[in-house]
Amino acid sequence: MNARAQAALVLEDGRVFRGAAYGAQGRTLGEAVFCTGMTGYQETLTDPSYHGQIVVQTAPQIGNTGWNDEDDESSKIWVNGYVVRDPARTPSNWRSKRSLDDELVRQGIVGIAEVDTRSLTRHLREVGAMRAGVFSGDALGTVDDMVASVLASPKMEGADLAGQVTTPKPYVVSPSGDVRFRVAALDLGIKSNTPRQMIKRGIEVHVLPSTSTLDELLAVEPDGVFLSNGPGDPATTTHATELTKQVLGREIPLFGICFGNQVLGRALGLGTYKMRYGHRGINIPVIDVATKSVAITAQNHGFALEGEPGQRFESPFGAAQISHYCPNDDTVEGVRALDVPAFSVQYHPEAAAGPHDAAPLFDAFVSLMEKRS
C-alpha cells in the first residue's frame with residue numbers, strides 16, 4: 001500500500017480523511033453513505049440503488065474473495081466512489097477471477113483505502129449522509145478547492161436517478177419449466193436476483209423501462225405488477241407513481257420493494273422524507289405488524305415513507321395500513337392496501353447478499369395473483 005498514490009475523502013462540512021488511492025485514480029463526487037454488511041461487497045457495488053453514492057464499507061477488510069463473474073447484480077458497478085479501510089493484498093476464493101482493485105480500475109471507479117472508516121461512520125451517523133468527493137493522484141488539490149467541488153455537486157434530495165439506471169428496452173426472464181404467471185416488472189433499478197427469485201416460482205418476468213406507459217404495461221397481459229428497488233428521491237418519480245395509481249385502479253395484483261415501496265406509498269397518499277443516514281446493510285430487523293414476527297433483512301435506502309407502525313389510513317383506493325416497521329427507529333418498512341391487491345416492503349427479499357428471512361414475500365405475491373385468477 002505504501003506505493004499507492006495519495007488520496008483524500010472530502011466531506012461537504014469540510015472534514016477530510018486522508019488515505020491511499022484504491023481502484024481508479026481521479027476525482028468523483030456523490031453522497032457519502034455507509035454500508036454495514038460484512039460480506040457481499042460485489043453485490044453492493046453492482047446494486048443500481050447505490051447510483052450517485054460514495055459507499056463506505058464499515059467492515060474493516062474488503063476484497064478477500066476477489067471478484068467473480070457470477071455475483072453481479074447488474075451489468076456494471078453503479079457506486080460513484082468506494083471507501084475502505086484495509087483492502088486485501090491477495091484475493092483467495094475458488095470463484096475469483098481478479099482482484100477487487102483490478103475490477104475498480106477496469107470500470108473506472110475512484111476509491112480510497114487506509115481510511116479510518118470507524119471514525120468516518122460515527123461522523124456520518126452523528127451529522128448525517130452528506131455530499132462528498134474522493135480525490136487522488138493529479139486530482140488532489142487544496143482543501144478549499146476540493147470542498148468547493150463537493151459543494152458544487154447536486155444533493156440527493158430532488159435527484160431523479162431511476163431513469164439513469166433503468167433498462168433501455170424491455171426484456172424477458174423465463175422459468176425453465178411451466179409458466180404459471182406473467183409479471184410486468186417496472187425497472188427502477190432492478191437487481192438480477194429479483195427475476196431469479198420469481199422464475200423459481202414459475203413466473204415469467206417482463207422487465208420494462210421506467211418510462212413505460214400503462215398501455216405498454218397492459219400489452220404484456222400481466223397477472224401482476226412488480227415495482228423494483230432503485231436510486232434517488234422518490235418525490236421525483238411522478239411517472240412511476242401515476243402509473244402505479246392506474247394499476248391500482250384496475251386492481252391488478254402489485255408488489256413493490258425498496259424504492260417500489262416508496263412509490264406505492266406515495267400512490268396511496270403518503271409522503272416521503274430524507275433519513276439522516278439511512279439503512280444500508282444485511283442485518284436490519286423488521287417487525288410484521290400483523291404477526292409480530294421479526295425478519296432480519298437486507299436494506300439500502302436513504303428515504304422513507306411517513307407514518308407510524310400499524311397506522312391505518314384512507315387512500316384514494318380504500319383503506320390501507322403501515323404493515324411493517326423497524327424496531328431500531330420505528331421507520332416504516334412496509335405498506336399494504338386493504339381494499340385492492342397491493343403490498344410492498346422497504347427491504348430486499350431477494351437478499352443478494354443477505355439473509356433469506358423475507359424470501360416468502362415472493363410466495364405472498366404468488367398467492368395474491370392466484371386469488372385474482
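Modeller: Strand β14 (residues 254-257) and strand β20 (residues 342-345) run parallel, joined by 4 bridges; strands pair if DSSP finds at least two bridges between them, and strands (E, at least two residues) and helices (H or I, at least four) are DSSP runs numbered from the N terminus. Phe 255 has Phe 343 as its bridge partner in β20. This is a predicted model, where local features need pLDDT of at least 70 and side-chain atom pairs count only at pLDDT 80 or more, while totals for chains, interfaces and linings use all residues. Residues are numbered from 1 along each chain as its sequence is written, and side-chain values use heavy atoms, with hydrogens and water left out.

Strand β13 (residues 224-227) also runs parallel to β14, through 3 bridges, and Phe 226 is partnered with Phe 255. From β13 the chain crosses through helix α8 (residues 238-249) to β14 in a right-handed β-α-β crossover (clockwise from the first strand over the helix to the second, with the strands pointing away from the viewer).

Within β14, Leu 254 and Gly 256 point one way and Phe 255 and Ile 257 the other, and all are buried, meaning under 20% relative accessible area (1.4 Å probe, protein chains only).

Helix α9 (residues 259-267) is mostly covered, with 8 of its 9 residues buried; among them are Phe 259, Asn 261 and Leu 264. Gly 269, with a positive phi near 105°, follows α9.

Conventions: Buried means under 20% relative accessible area, exposed over 50%, partly exposed in between (1.4 Å probe, protein chains only).
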